[in-house]
Amino acid sequence: MTAVQNELGHRIARMVRAQGPLSVAQFMTIALHDAQSGYYATRDPIGSDFITAPEMTQIFGELIGLWCVQVWRDQGCPERARLVELGPGRGTLMDDALRAARVVPEFLKAIDIVMVEASPVLAAEQSARLKSCGVPVRWIGDLSHVAYDRPSFIIANEFLDALPVQQFVMTEHGWRERVVTADTDNTLAFASAPVPPAFRVPPERGDAQSGAVYEVSPAAMALVDDIARGVASAGGAALFIDYGHEGQEFGDTLQAISRHRFADVLASPGSVDLTCHVDFGAIARAARTAGAQVLGPVGQGAFLQALGIEARLSGLCPHGDMDIAAVHRLTDSGEMGTLFKALAILPQGAPNPPGFARGTSRC
Ligand code: SAH
């Protein structure tokens with residue numbers, strides 16, 4: 001039982017008492033996106049609560065921009081193509097990617113840009129950042145509004161980890177759903193409830209021990225299915241970079257972060273970031289089932305090394321201690337080099353993109 005500490009917490013507790021428990025996914029959705037008090041709806045958290053790769057060094061976005069250019073070339077330099085970013089934060093990655101892509105003006109001439117952003121605060125920052133980028137840019141709140149009428153190059157850094165998950169717990173009575181319940185208007189707690197009729201345990205989770213937790217993000221599965229179908233039929237590629245695992249292990253990975261520290265998941269909804277480790281195994285399966293080719297996941301360190309991060313650091317003039325420290329942090333296996341992973345989705349038969357050597361499909 002956790003005493004709630006803010007207005008949204010009280011509002012959720014009242015809602016639960018009136019209407020019944022929320023799934024973890026419903027709780028996450030309200031905490032992150034409630035129009036009045038949701039975490040992303042009301043602030044720019046990057047820097048104050050957590051830091052992301054593009055904010056550490058410009059090299060990260062530049063390498064991703066060059067990755068897109070190379071994959072576009074590998075697919076015959078289509079004259080009309082689309083560059084899509086999911087959850088673009090402050091717009092830094094896109095800004096750095098476009099600057100690097102200037103070495104190939106035909107690429108910039110071919111593309112329009114779609115920024116998929118739920119947060120009005122961050123969309124405004126992105127728009128200011130890209131106002132003179134020279135390429136048509138539009139903003140949408142939901143990827144399902146993008147038509148795959150041309151090859152689309154989709155990039156997403158630390159986006160999947162923000163999508164809501166459902167959690168299921170193995171008990172002595174079988175699988176139960178983990179839900180959020182309330183005792184009074186001042187408290188929230190986790191409890192277990194019968195699983196919904198549509199719930200299916202994936203075969204690899206069949207021998208789960210009591211206490212095991214299985215997480216699934218229906219939002220991520222639907223998004224990847226959509227992207228994989230779009231890329232398989234119209235060409236292009238998707239590149240997901242995030243922290244996560246390949247789905248072999250069980251566990252509750254839901255975490256709250258505030259001011260660079262772990263925080264309580266239930267106490268202050270809307271005031272803390274909520275994320276989960278990405279199940280790259282499930283992402284890969286969903287994309288393959290939808291008919292696309294999947295490469296990776298590979299560790300972020302190996303991926304960025306293969307893209308030439310060290311050479312780019314030496315070539316960056318002037319590069320400061322910040323860039324050196326950032327390259328170490330992004331690539332070192334004790335830091336973000338292994339926990340963070342890159343996964344690419346391509347049409348069947350497309351050449352291997354940079355960073356995903358043939359035969360190295362695992363971390
Ligand atoms: N990619 C950026 C920001 C990562 S933070 C970077 O690397 O710096 C997560 C981003 O995803 C934010 O921009 C957030 O507003 C956005 N976001 C979270 N959930 C979303 C959703 N359901 N739809 C669209 N954008 C979302």
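Q: On what basis are residues and contacts reported here?

A: Residues are numbered from 1 along each chain as its sequence is written. Because the model is predicted, local features need pLDDT of at least 70 and side-chain atom pairs count only at pLDDT 80 or more, while totals for chains, interfaces and linings use all residues, and side-chain values use heavy atoms, with hydrogens and water left out.

Q: Is Trp-72 buried or exposed?

A: Buried means under 20% relative accessible area, exposed over 50%, and partly exposed in between, using a 1.4 Å probe and protein chains only. Trp-72 has a relative accessibility of 3% and therefore counts as buried.

Q: Which residues is Trp-72 in contact with, leaving aside its neighbours within four places in sequence?

A: Contact means heavy atoms within 4.5 Å, and the partners of Trp-72 include Cys-77, Val-104, Phe-107 and Phe-153. Pro-78 is also among them, and its backbone oxygen lies 2.9 Å from a polar atom of the Trp-72 side chain.

Q: How is the packing of α5 and α6 described?

A: Two packed helices are described by the angle between their axes and the distance between the axes. The axes of α5 and helix α6 (residues 92-101) come within 7 Å and cross at roughly 55°, and the two helices are therefore oblique to each other; angles under 35 degrees count as roughly parallel, over 145 as roughly antiparallel, 65 to 115 as roughly perpendicular and the rest as oblique.

Q: Which residues of α5 meet α6?

A: Among them are Phe-60, Ile-64 and Val-69 in α5, while those in α6 include Leu-93 and Ala-97.

Definitions and conventions:
Polar contact = N/O pair within 3.5 Å; in protein donor to acceptor, adjacent residues only side chain to side chain. Axes fitted to C-alpha atoms, helices over the stretch in contact; angles between N-to-C directions. Helix = DSSP H or I, 4+ residues; strand = E, 2+ residues; numbered from the N terminus.
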